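Work through the exercises below with the sequence and the model open. Try each task before reading its solution.

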Amino acid sequence: MLKASRKQMARARQGTEEYYQFIYLTSEFINHGRLLMKMKIAVLTGGGDCPGLNGAVKWVTKSATDQWLGSKRSMSFEVIGITDGWRGLVDVDPDDPKSLAKYTRPLDEEIVRTWDRYGGTNLGTSRTNPFNPKNDRSEILLDNIKKLGIDVVVAIGGEDTLGAAYSLHKLGIKTVGIPKTIDNDLVGTDYSIGFDTAVNVITEEIDRLRTTAGSHSRIFVVETMGRHAGWLALHGGECSGAYIILIPEHPFNLDEICTLLQERKGREIRYAILVVSEGAKPVGQKEFITSSKIDEFGHVALGGIAKFVADEIEGRTSLETRHLILSHLQRGGTPSAHDRLMARWFGIAAVDMIINEDFGRMASLQRGEITSVPLKECIGKLKLVDTVKYYDKERYNGRRSIIS
Ligand code: F6P
């Protein structure tokens, strides 16, 4: 960031960095009638992709470079996108033009114009953790940020990506966070980008499943993502009218589930849909994992619980049962209207936070209002389903009364 006053600039010797800063500021002064500070924003997306990320990048770029807003601000912005999340900032060689082109790209209004319509992330993502205690690359990260002339980093991600953003903030780099995760388990915000689209996918897929389940009089156990939080399963199950919803926050008893299923026998209903979160587990058992591999943030891959539940139900009740794992389909497709709106609001908020110098904070939605919270308060813990408020433990489903 250019900080020197005009007087200081005037004293600067020709040929020095200060001199060129003076020339720059003078031209900005002539162009805009007053002094402008120019900041370089680097925006990145980290962790699992999801619909809405491109919209957030678009709105960071659009509001940072907006001419109309620019004429009212005392600072102007340049925006660059970083390829593949933190990996891009670690692996880039700022002195090598090829590497620069691979890992960074200038963004402007024209480039991002249509981005909000598309899912995934056009910038790419990774689960790279520059602060991994087993492979700490934070010095390289700091060095690259300085060499690239980045003044502020906008990190769009979940608890892992924002945890790295907070570590960077503690090292003196200006950072701003935008909440994103289909799991919706980020503390400090009521909403994280990607969740609504994923709930819509679950609902649509279960709508499809009903016709085949009904035709064959079968039970279907549908596994959702969500890691240790049951929001996706709970909201997906509620929206699709699932008969039973199993979430990590309340370990289940298979006898009770079989009893609930058998209660339906003889009624007109010919089938049942169960939604089970990948992190759900039977009482006294651990979460099911697909491999013991641990990622850079210390996570194992969860999965396999739907097959277990389906086999157990069929074995115990003789009711024909199948299972389905929705897996990464939940992160696919185009963003829902709600995710586009949230991406827009959070993207705009991130630029406002930079202007207000609200660094080390995350844009957040609280009770329908956009605000911001310290990153410190959002990491190291998860927002889990409050089973007293939102879950019926007897029926293994969402609550059917809103009276507490
Ligand atoms: O955190 C988002 C999420 O989709 C989880 O729900 C899921 O457990 C995990 O990421 C899957 O990760 P990956 O894309 O690395 O398989």
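The model is predicted.

**Exercise 1. The chain as a whole**

Task: State how many helices and strands the chain has, what its C-alpha trace spans along the principal axes, and what percentage of its residues count as buried.

Solution: 
- Step 1. The secondary structure comes to 15 helices and 15 strands.
- Step 2. The C-alpha trace spans about 90 × 40 × 40 Å along its principal axes.
- Step 3. The chain has 404 residues, and 53% of them count as buried.
- Step 4. Take the contacts between residues at least 6 apart in sequence. Of these, 71% join residues at least 24 apart.

**Exercise 2. The faces of helix 8**

Task: Find which residues of helix 8 (residues 138-147) are buried, and work out why they line one face of the helix.

Solution: 
- Step 1. List the buried residues: Ser-138, Leu-141, Leu-142, Asn-144 and Ile-145.
- Step 2. Look down the axis of helix 8. The buried residues fall within an arc of 165 degrees, so they line one face.
- Step 3. Turn to the face away from the buried side. Glu-139 and Lys-146 are exposed there.
- Step 4. Identify the packing partners. The buried residues pack against helix 5 (86-91), strand 4 (152-157) and helix 9 (159-170).
- Step 5. Check what follows the helix. Gly-149 comes after helix 8 and has a positive phi, near 70 degrees.

**Exercise 3. Helix 3 against helix 14**

Task: Describe how helix 3 (residues 53-65) and helix 14 (residues 337-355) cross.

Solution: 
- Step 1. Two packed helices are described by the angle between their axes and the distance between the axes.
- Step 2. Read them off. The axes come within 7 Å and cross at roughly 40 degrees.
- Step 3. Classify the pair. Helix 3 and helix 14 are therefore oblique to each other.
- Step 4. Assign the hand. The crossing of helix 3 and helix 14 is right-handed.
- Step 5. List the contact. Helix 3 supplies Gly-55, Ala-56, Trp-59, Val-60, Ser-63 and Ala-64. Helix 14 supplies Ala-343, Arg-344, Gly-347, Ile-348, Ala-350 and Val-351.
- Step 6. Sort by class. The contact of helix 3 with helix 14 has eight nonpolar, three polar and one charged residues.

**Exercise 4. Gly-230**

Task: Is Gly-230 buried or exposed, and which residues does Gly-230 contact?

Solution: 
- Step 1. Gly-230 sits in the loop between strand 6 (219-224) and helix 11.
- Step 2. The relative accessibility of Gly-230 is 0%, so Gly-230 counts as buried.
- Step 3. Set aside neighbours within four places in sequence. Gly-230 then contacts Ile-247, Pro-248, Glu-249, Ser-277 and Val-385.

Notes. Residues are numbered from 1 along each chain as its sequence is written. This is a predicted model: local features need pLDDT of at least 70, side-chain atom pairs count only at pLDDT 80 or more; totals for chains, interfaces and linings use all residues. Side-chain values use heavy atoms; hydrogens and water are left out. Buried means under 20% relative accessible area, exposed over 50%, partly exposed in between (1.4 Å probe, protein chains only). Helices (H or I, at least four residues) and strands (E, at least two) are DSSP runs, numbered from the N terminus. The arc is that of the directions from the helix axis to the C-beta atoms. Contact means heavy atoms within 4.5 Å. Axes are lines fitted to C-alpha atoms, for helices over the stretch in contact, and angles run from 0 to 180 degrees between N-to-C directions. Angles under 35 degrees count as roughly parallel, over 145 as roughly antiparallel, 65 to 115 as roughly perpendicular and the rest as oblique. A crossing is left-handed if the near helix is turned anticlockwise from the far one by less than a right angle, and right-handed if clockwise. Ala, Val, Leu, Ile, Met, Phe, Trp, Tyr, Cys and Pro count as nonpolar, Asp, Glu, Lys and Arg as charged, and the others, Gly among them, as polar.
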